Amino acid sequence: MASKAGGIDDGQPEEASKPSTLATKRNAFAELMSPKHKHPKPHESKHIGKLSNPNDPRNGLLAYILEPTKFSSDIVILYNDKTVLVRDAFPKATVHLLLLPRDPVKRELNPRDALDDQEFLDMVRTEATTAVKLAASELSRLIGPYSESCKARNAAMESENPPDELPPGRDFSKEFKVGIHAHPSMNHLHIHIISRDMHSARLKHRKHYNSFNTDFFIPLEDFPLARDDVRRQTSYQNANLTKEYKCWRCGKMFGNKFTQLKAHLEEEFNAWRKE
């Protein structure tokens, strides 16, 4: 389904209807994440052809890579000369971000090939670590008030005389998956940073669920892949999208019954949120 920004409902962000400066504070997440200083000028694209055609919806991420300052701070969360971090406009979980490398060559390669370069991979991992910390702070804001693991810490923070050392809370960074789709739907390289709950109104069909809960999703920590790794094969990757549904949390199988899976995911989300 096409978005008003020319994208498709398959994992890429929509453009803001009225761009604003990155200093705009829309909510606690935007305030935490908005850049506090100027950055180098964005890369200029040297490529002409299908990967730079603005009318191709599969190129919907390129605008964020080239000109992140044109988008509001609640869409483009953070950027520098190496990467751009954006919210996924069609999130498949409670928190779903995309990390977009800006290297003009690497960004147009298949991620399986781009991440073979150890120096580039190290850079992406460093940037992803920062992104996960920011994503974890947002997840903490959203579900921390419901979490049993956060009760003591929240109570201490809200007390009239908070202790010098707060009780430990839930480590929300452990609730995230970081990785790529080896056969992505969008042309430009992007790394998903997604909370594992799969709780979203945008989760609408088999591909949406299986693309994050089968080998179609390759964790960043698994790179570089061995040359004979079966996950390099497009045919193997696509076969994962038609697998029977398996609950990410309890392992229960649901065959091809998406409605039942969605109802079950709602129950699992409520239980996971309370942990």
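Predicted model: local features only at pLDDT ≥ 70, side-chain atom pairs only at ≥ 80, totals over all residues.

**Cysteines**

- A disulfide is a covalent bond between the sulfur atoms of two cysteines, and the structure holds 0 of them.
- The cysteine sulfur closest to that of C250 belongs to C247 and lies 3.6 Å away, which is too far for a bond because a disulfide requires the two sulfur atoms to be within 2.5 Å.
- C250 counts as partly exposed, since its relative accessibility is 45%, whereas C150 counts as buried, with a relative accessibility of 6%.

**Backbone geometry**

- Most residues other than glycine have a negative phi, and most peptide bonds are trans.
- The peptide bond that joins F223 and P224 is cis, with an omega of about -5°, and P224 is found in the loop that runs between β6 (217–219) and α7 (234–240).
- M198, a residue other than glycine, has a positive phi near 55°; M198 sits in the loop between β5 (191–195) and α6 (206–213).
- M198 counts as buried because its relative accessibility is 3%, and the cut-off for that class is under 20%.

**A239 and T214**

- A239 has its place in helix α7 and is partly exposed, with a relative accessible area of 43%.
- Although A239 and T214 are 25 residues apart along the chain, their C-alpha atoms are separated by 9.8 Å.

Technical notes:
Residues numbered from 1 in each chain as written. Heavy atoms only, no water. Buried < 20%, exposed > 50% of the residue type's maximum accessible area, 1.4 Å probe, protein only. Helix = DSSP H or I, 4+ residues; strand = E, 2+ residues; numbered from the N terminus.
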